[in-house]
Structure formats: C-alpha cells, structure tokens
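Subject: Structure handover

Hello,

Here is the structure I promised to pass on. Please open it next to this message.

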Amino acid sequence: MTDQTASMRKVILETRDIVKRFPKVLANENVNITLYEGEILSLLGENGAGKSTLMNVLYGLYKPTSGEIFLNGVPAIFSSPKEAIRMGLGMVHQHFMLVDTLTVTENIILGSEPGAGVQIDYKQARRQVKELSDRHGLKIDPDAKIENLSVGLQQRVEILKALYRKARILILDEPTAVLTPQEVEELFSVVRDLRKSGVSVIIITHKLEEVKAISDRVYILRRGRIEGERITAEVNKEELANLMVGRSVVLTVHREPHEAHPEPVFEVENLHVVDDRNIAVVKNLSLEVRPGEVVGIAGVDGNGQSELAEAIMGLRPASGGRMIHLGDDITNLRTKDRIARSIGYVPADRQRYGLILSMTIAENIAMGYHDRPPNSHGWQLDYTAMEEQADDLITQFDIRTPGALVPAGHLSGGNQQKVILAREFSRKPTFLLVSQPTRGLDVGAIEYIHSEILGMRRKDVGVLLISLELEEIFALADRILVLYEGAIVRELIPEKTNEREVGFFMTGGTEKAS
Amino acid sequence: MKKKQTIAAVLLGAVIVLGTVGSVLWLGATVKSGQSSYFWGIWVIVAAIPLYLWRVLLLNGSEELRSLVVRSIRSVGVPIAGIVIAIVIGGILMLLTGYNPITAYGALFYGGLVRNWHISVLNAAPLIFTGLSIAVAFKAGLFNIGAEGQYYIGAMAAAWLGLNLNLPAVITLVLVFVIAGVLAAAWNIVPALLKVRTGAHEVITTMMLAHTARYLSPIFIRAYGGDPSTSTHPYVTDEIFPTNWLPSFDSFLPNANYRLHTGILVAIVVAIAVNYLIYQTKIGFEIRAVGQNKDAARAQGISIGRNIFRALLIAGFLAGLAGVNQVTGLDHKLFENLNANYGWNGISVALLAGGSPIGVIFTSLIWGILDAGGQFMSRTTQTPNAIVEIVKGIILFLVVAKYIYVYLGEWIKNRRKRSIV
C-alpha cells in the first residue's frame with residue numbers, strides 16, 4: 001500500500017453522474033468514481049449491483065443514458081471497445097476471448113498485427129510479446145498453444161493482450177473466479193507489478209478477501225448506486241459486507257451441534273476412477289457419510305473431485321471398488337436408479353450439468369422425476385402438476401422469478417442454483433452429493449444455500465460436500481476429508497484444526513504442520 | 001361459473017368441427033371445367049377463429065386474449081415478411097431478365113392457389129412427413145439429413161406390401177403404413193448405433209445410407225415388374241392392389257379432383273400426433289432435454305443413447321411414411337427415378353417452421369403452392385421455373401436469417417441481463 005494520499009495523485013479516469021437505464025431496470029444511478037494513476041481500485045458489489053454494467057459503459061459496450069466520463073480530464077464516451085482500446089483501456093472479461101488453437105503470440109497480436117500490408121511480421125511480434133512479458137514479470141511461452149495452457153496462464157495472455165495494446169487502465173472482471181489459490185496469488189503479484197509500472201487497475205469482484213488482499217481503494221456498489229468509498233487499509237471485512245448487502249450478515253451461518261446416526265447412509269470402499277485420458281485420478285478412496293452429518297472434501301481443484309462426483313452419480317464408471325447406499329451395493333447402478341434411490345446431486349457446473357437453460361423452471365424441477373406421478377401419468381406429462389409443484393418450491397426456496405414458466409436461463413446465478421436445490425432437496429433425499437454449491441454467488445445467496453444445506457443435515461440427510469473454498473468447508477462440515485491426488489490423505493475435525501493445516505495437507509504436505 | 005365452462009366446451013366443439021370440416025373442404029377444393037368448388041371451405045375455417053378467440057376471452061380474460069393475438073401476429077409476421085420480401089426480390093430479378101413480374105406472379109398464385117390447388121396439396125403431403133422427420137431429429141439435436149433414403153425405403157416397402165397384401169382396405173392400409181414405417185425406421189438403426197457407440201456423425205451416415213437406399217430401388221423395381229426389354233414402362237413396378245390405395249377425395253367430395261388422395265389428411269393427423277409426442281409425453285420431454293443439454297439430461301438419469309435411438313427411429317418412421325403416401329396415394333406403383341427430392345425439401349420446410357411440427361404443415365403447403373404454381377407459371381407465361389427456386393431460396397435464407405436475428409437478440413439480451421443481474 002502506498003502512503004501517498006489519493007488527492008495528491010493524478011486523476012486518470014473519472015465518471016460523473018453516470019446513469020444507465022435498461023427497459024426494466026435502472027442499472028446505474030448517478031455513479032461517480034475516480035481512478036488515480038497507478039492504483040488498484042476495487043469495485044465491490046453483489047451479483048446484479050451494476051458493476052459489470054458500469055465497466056461496460058466505460059469500455060464502450062454500452063452507451064450511458066446520461067452522465068459524463070473523463071479520461072485524463074478530457075470528456076470521452078466511447079462508442080465501441082475498439083475506441084476504448086485505442087484510448088488506453090484494456091478489459092479482461094470473466095470468460096476469456098482467446099482462440100484456443102492459436103499460439104500465445106498469435107492471440108496477443110490478433111487484431112493489431114505488426115508488419116507491412118498483408119504480411120505479418122511474426123518474428124517482431126514474438127520479440128515484442130517476449131519483451132512485454134519480461135518487462136511485467138508475466139512469464140509465458142510465446143509459442144504455446146492456448147488450449148494447452150492452464151486457466152491462470154490464459155488469463156495472463158489476456159492481460160498481455162491488453163498491455164500489448166498499450167493499456168494504461170486495466171479492468172479485470174471477476175479475475176479470480178476461475179483460478180486456484182496459487183494462481184490467485186500469482187495474479188495478485190502481477191497486478192502489483194503493473195501498479196509499479198504506472199498502470200491503473202480496476203478489479204470487479206464480490207469477494208471481500210480479494211478486496212482486502214489486493215486493492216488500495218474500494219467503491220461499494222449496491223443496487224446500481226455507490227454505497228461508499230473506503231481506503232482498503234482502513235476498513236474491515238464486516239463493514240464492507242454490511243455496505244455491500246445493506247444489512248448485517250453473519251459471514252458464517254451458525255452450525256448447531258447435531259448428533260449423526262451411527263449407521264452410514266453412504267459408503268465408498270477402495271474406489272478407483274480413471275479420467276477421459278484413462279489416467280487414474282481417484283485412487284483407492286474410501287469414505288462414509290452418516291445420516292445427519294456433513295462430510296466436507298477439501299482439496300485443490302483437479303485432484304479428482306469431479307471424477308469422484310461423477311462416479312458417485314454413475315456418470316462415470318468405477319474402475320475398482322464399491323459404493324454402498326443404505327446397505328445395497330450400487331456400484332453398477334445407472335444414474336436413473338441412483339436418483340430413484342433418493343440420492344441427490346448438486347453439480348459443480350450448474351449451467352452445464354444442473355439445468356437445461358432453455359427449458360422452463362417447472363420442467364427443470366420435474367426433470368429426473370418426470371417419469372412418475374405427479375409429473376406424469378402413463379406416458380403423458382402433467383404440466384399442471386409440474387407447474388403447481390414448481391410454484392410451491394419457488395415460494396419455499398424464495399426463487400426470484402416472474403413465474404414457473406420462465407426459462408431457467410433467464411434467472412441470475414443464485415436463483416439458478418436455488419432451482420437446483422429446490423429440485424434435489426424437495427425429493428426427500430437420504431444422501432446428497434453437493435459440489436461447489438456457492439461458486440460465483442454473492443453473500444446473500446451463499447448464506448441462504450449454506451443454511452439450506454444445514455437444514456438437510458438437521459433432517460438427518462447424509463451430505464457429502466465437495467468444495468474448493470475452505471471457508472465453506474469450515475462453515476458446514478462436521479468432518480473434513482482432505483483430498484490430494486485422488487486419495488484421502490487426512491481426516492480432520494473442523495473444531496480441532498485450522499485453515500492453515502488443511503491447506504498444508506491439500507497441497508501435499510505429509511508431516512503435521514507446526 | 002358452471003355456465004361459463006359449458007359455453008367454453010360448446011365453443012371448443014364448434015371450433016374443432018368448423019376447423020376440421022373447413023380444412024377438409026378447402027384441401028379438397030378444385031377447379032373443374034371452369035367451375036370452382038369447395039374453396040368456400042376456407043371461410044368455414046375463418047369462421048372458427050372468432051369462436052376460438054371468444055373462448056379464450058371467456059376462460060382467460062382480455063389480457064390473455066390480447067397477448068395471444070400479439071403472439072400469433074408476431075409468430076406469423078416474420079415468415080410472411082420473409083415471403084413478401086423474397087417475392088419482391090424475385091420480381092426485381094424477373095424485371096432485370098425481361099419478364100413481366102405481374103403476369104408471372106399472377107400466374108404463379110392463380111396456378112398454386114386456385115387452378116392447380118390440388119397439385120399444391122399433393123406436393124405438400126409427403127413434405128409434411130419428411131419435414132416432421134427432420135423436425136423430430138432437430139429436437140434431439142440431430143440432423144436427419146438422410147430422410148430421402150428413409151423415404152425410398154418406405155416407398156419400396158409400401159410397393160412390396162401393396163403387391164402382396166390382398167386384405168380388406170382398412171386393415172391392409174394400416175398394415176402398410178405401419179410396417180413400411182417400421183422398416184424405414186430400421187434403416188436408421190445403423191446410423192443410431194454408430195452415433196451412440198462411436199460418435200460417428202449422423203449427417204455422414206444417414207446421407208450415405210440415403211444414396212444406398214436410392215440405388216436399391218432399381219433392383220427392387222426389376223424384381224417387381226420392371227422389365228427394360230419387354231415392358232412399355234420399363235422403370236416402374238406393377239400396380240399395387242386397389243385395396244391398398246389411399247381413398248381419394250372424390251369418394252366423399254364428388255367435385256374434388258380425381259387424383260387428390262387423403263394422404264394430406266393422414267399427414268396432418270400425424271403432425272398433430274408428433275406435436276403431442278414431443279410436447280406432452282415423457283418420451284418427447286427426454287428427447288428435448290437431450291437435444292437442449294445432454295450433460296444436464298444425463299446427470300438427471302436420462303439416457304442420451306436411448307433418446308438418440310428414439311429420435312432417429314421416429315424420424316426414419318416419419319420419412320418412410322412420405323414414401324408410403326406417394327405409393328399408396330398418388331402413383332400406386334413405384335417409379336425408378338422418383339426424383340422428387342422430398343427428403344431434401346423436408347429440410348427446408350422443417351427449418352422454415354423452426355422445428356415446430358404444426359408449423360411444418362403450413363410451410364409444406366407454402367412449398368407445395370410455390371412448386372405447383374411455378375410449373376403453371378412457366379407453362380402459361382414462359383417465365384422460367386428457376387425463378388421459383390430462387391424465391392424459395394431467398395425465403396429460406398430470410399427465415400433462417402430470422403433465427404440469426406432471434407439468436408443475436410437473445411444473445412444481446414443475455415449479455416445485458418448478465419451485466420444487470
């Protein structure tokens with residue numbers, strides 16, 4: 001953190017009374033923000049607070065309804081991103097805009113290739129990219145194909161792309177959403193380096209830790225308005241959270257003691273699973289879940305979580321071992337039969353595996369149980385019953401939607417997740433597999449989903465929780481199983497351990513830390 | 001309340017009766033020795049519309065009525081706009097190449113809608129079947145591009161059964177339709193198996209089998225009566241038993257054209273059945289789920305392979321019925337070079353209908369009218385028939401482009417939504 005006071009520094013970007021009105025929503029209302037040269041600014045807000053709209057206005061994707069933008073003191077409203085880029089703005093979207101089959105260099109120069117006429121001077125391009133990556137400490141192989149890079153490195157390419165176009169202001173939209181903890185650390189050090197070289201960075205986020213960890217200053221947005229501005233060093237997380245949601249939130253839901261039944265509802269014995277490339281990714285894994293407890297699987301992404309989940313649901317064959325549900329061997333059962341046995345599944349990627357976005361909420365809720373009453377009689381579907389059931393669940397789970405016949409794709413991320421929870425939790429499960437239930441959601445939704453999961457625990461459902469967020473594991477789990485390279489390396493009790501210790505085992509530590 | 005329900009039920013009954021009677025009359029309409037008959041059937045259909053609107057008003061109120069009208073106008077508006085624009089462009093082309101668009105289009109519509117209306121209807125019937133075939137496959141995310149092949153299998157099977165089954169008409173016709181359909185469906189087992197087991201793309205496999213089926217037909221014809229050395233009709237089978245003929249319209253509408261057969265009515269009934277299957281049954285639900293997001297469907301226990309099988313077999317069955325329709329309804333024998341391209345044109349009508357089974361009925365009729373009218377136009381005004389193909393191409397382009405607009409619109413809306421929510 002620099003000790004220069006903000007007022008002494010040069011203002012590089014300023015918005016005055018930006019208003020952006022969409023047909024039904026006022027997305028930004030009189031937003032005034034100031035960005036100083038060489039600072040890291042956070043824009044904090046829940047999903048739907050208007051952060052992305054504001055950035056899209058800055059970047060020329062949207063025209064503001066009214067208001068002014070000043071770049072270096074000169075009025076500047078861009079009519080397209082192209083113009084914004086020319087004026088020194090760069091944006092890294094949450095979903096990367098890279099061509100998978102091209103190399104790093106080719107992606108970076110795409111659209112502004114060096115060279116005369118139709119010829120591209122690849123040698124020069126490669127040199128420029130190399131030099132740029134050296135200068136900013138963004139190590140990367142300029143000849144690597146994008147499809148072979150990890151998500152973190154792809155993000156790095158996006159940043160280089162912006163810098164190659166001489167960006168002085170870099171906007172990062174939810175930059176850590178897709179990164180592993182290590183990649184987040186690397187990103188932060190890159191961002192700090194950029195600050196040193198005079199680049200101003202705006203980070204759009206809804207994660208409080210991130211604001212605290214990286215930014216100099218933070219604006220808090222709520223319902224399209226600036227709710228407050230704080231120097232990060234002078235504010236604590238609770239205050240930020242209150243500003244963000246407009247009410248006091250308990251960051252961790254209260255987990256009341258609850259006695260689990262001794263007889264396990266679900267067991268995995270010596271499970272082996274291979275991935276698509278036929279490489280063993282789950283090795284000799286055993287676990288058991290008892291009714292009324294939440295078992296948390298902690299681990300860094302890519303240590304076999306998704307394959308384990310798929311094997312449990314019968315979406316991927318087990319290459320060895322057994323799975324037992326209520327005393328019966330279900331290792332070779334089809335997904336359909338497992339669902340019928342009251343096993344519920346909340347998948348990590350809700351848009352790909354959880355919902356059919358083009359189908360209605362009612363259809364999505366019925367899916368899986370569409371072949372039995374009340375959803376169907378004989379071969380015929382009963383849309384009236386499906387709709388009634390969906391209406392009930394919409395009320396019960398507080399799903400914000402105009403109705404049950406709205407396509408699931410029209411809902412926000414948090415409400416989409418609630419549709420999935422409504423479907424799985426309303427089927428009276430005995431065992432629930434919950435994977436990454438709050439990924440990408442805002443504080444309010446996280447709190448709600450956590451309390452629903454604990455509600456299932458109270459109803460003596462056995463819950464297996466797979467999460468990459470340690471905080472989530474600590475908030476919910478009665479037992480923590482640490483997954484490393486496809487095997488459970490340690491079982492811990494949350495009350496008797498801490499995040500540091502779990503993190504140590506997650507990253508392959510074998511001796512007991514301190 | 002009770003009274004309301006009764007009136008609504010009566011209204012619905014009236015709408016169904018008027019709609020059915022009107023449609024049958026209109027479809028059977030013809031011009032016979034200068035006298036036109038049964039075209040008034042269209043007014044019977046029109047009369048049913050206010051009754052239906054009244055029922056909606058009674059049951060759901062004026063708000064719902066207004067939204068229904070707006071929705072209908074919107075859904076019909078874009079295709080109609082596309083057709084009008086295509087006709088204008090075609091007219092400009094005619095002007096540029098030295099034909100009079102007014103007389104040419106006059107002839108086209110007089111021919112297609114009045115003079116040769118029965119040919120339009122005859123054209124539409126097989127198109128409805130192949131269009132439905134492609135639409136069903138679309139619902140599962142599959143492209144049954146080889147409908148032409150299943151059409152040939154259906155036609156061959158119908159000819160074979162028609163030459164061998166000599167039973168009372170009602171039984172044998174049902175048997176012919178079902179067995180020929182099943183055999184055509186079986187033609188798609190190999191593509192379905194390959195798709196499920198190896199992931200081989202159905203566009204390639206069904207297309208290859210379409211050519212196979214097509215070149216099987218000369219062999220079949222030689223075996224059943226076609227004899228190049230002696231016969232006066234070397235490239236055609238013997239005529240099937242008359243009990244296997246679809247009844248013609250003039251058996252109940254005396255003034256109807258003698259060639260016009262009831263295949264169009266079967267086609268419409270099948271379209272309604274397919275609509276029911278897709279939107280109201282478990283099977284349809286699973287097919288749609290797999291078509292729209294197979295990963296999510298699978299995670300909820302819906303088998304992807306089973307539904308690929310179902311969709312491709314149903315598609316084969318429907319395309320096969322198109323062949324049955326031609327053999328039992330129109331030709332009563334199998335010609336070697338049908339050259340009808342109903343399989344390929346089915347792709348156009350299915351696309352034009354946006355994959356809607358009910359929509360396929362209307363787009364098939366439009367295609368049928370353009371074909372029949374185009375022939376009439378070229379015969380009477382010497383305007384080349386190719387202009388009709390160009391107009392069809394432009395319509396298809398504009399309407400498929402509509403989906404591009406819709407897609408773009410959705411995309412922009414979603415982007416906006418993403419940034420708001």
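This is a predicted model: local features need pLDDT of at least 70, side-chain atom pairs count only at pLDDT 80 or more; totals for chains, interfaces and linings use all residues.

Overall form of chain A

Chain A contains 17 helices and 23 strands. Its C-alpha trace spans about 70 × 50 × 50 Å along the principal axes. Of the 514 residues in chain A, 44% are buried. Take the contacts in chain A with a separation of 6 or more: 69% of them join residues 24 or more positions apart.

Nine residues of domain 1 of chain A and nine residues of domain 2 of chain A form the contact. On the domain 1 side, helix H8 (residues 237-245) of chain A gives the largest share, with three residues. That side has five nonpolar residues, three polar and one charged.

Chain A against chain B

How many residues of chain A are in contact with chain B? The count is 32, and they meet 20 residues of chain B. Four elements of chain A each supply at least two residues to its side: helix H1 (51-58), helix H10 (335-340), helix H11 (350-354) and strand E19 (380-381). By class, the chain A side holds 15 nonpolar, 13 polar and four charged residues.

Helix H14 of chain A

Helix H14 (residues 413-425) of chain A has 13 residues. From first C-alpha to last it reaches 18 Å, close to the 18 Å expected at 1.5 Å a residue. Is this helix mostly covered or mostly open? H14(A) is mostly covered, with twelve of its 13 residues buried. Among the buried ones are A:Lys418, A:Arg423 and A:Glu424, along with A:Val419, A:Ile420 and A:Leu421. The cover over the buried residues of H14(A) includes strand E17 (343-346), H11 and helix H12 (361-366) of chain A. It also includes helix H13 (383-396), strand E20 (431-435) and helix H15 (443-458) of chain A.

A:Leu221

A:Leu221 lies in strand E10 (residues 217-222) of chain A. Why does A:Leu221 count as buried? There are 26 other C-beta atoms within 10 Å of A:Leu221, and the cut-off for buried is 20 or more. A:Leu221 and A:Ala49 are 172 residues apart in sequence, yet 5.9 Å apart in space, C-alpha to C-alpha. Neighbours within four places aside, the contacts of A:Leu221 include A:Leu43, A:Leu44, A:Gly45 and A:Ile226.

Nonpolar cores

In soluble globular proteins, nonpolar side chains tend to be buried together. Here the largest nonpolar core has 188 residues. A:Leu465, B:Ile128, B:Leu132, B:Val136 and B:Ala311 touch the most other members. Helix H4 (residues 117-139) of chain B provides the largest share of this core, 15 residues. Beyond residues up to four places away in sequence, B:Leu132 touches B:Val270, B:Ala271, B:Val274, B:Leu318, B:Pro357 and B:Val360. Another core, of 60 residues, lies apart from the largest one. Its members include A:Met91, A:Val129, A:Val157 and A:Ala162.

Best regards

How values were computed:
Residues are numbered from 1 along each chain as its sequence is written. Chains are lettered from A and ligands numbered from 1 in the order in which they are written. Two residues are in contact if their C-beta atoms, placed from the backbone, lie within 7 Å. Ala, Val, Leu, Ile, Met, Phe, Trp, Tyr, Cys and Pro count as nonpolar, Asp, Glu, Lys and Arg as charged, and the others, Gly among them, as polar. The expected span of a helix is 1.5 Å times one less than its number of residues. A nonpolar core is a set of buried Ala, Val, Leu, Ile, Met, Phe, Trp, Tyr and Cys residues joined through C-beta atoms within 7 Å.
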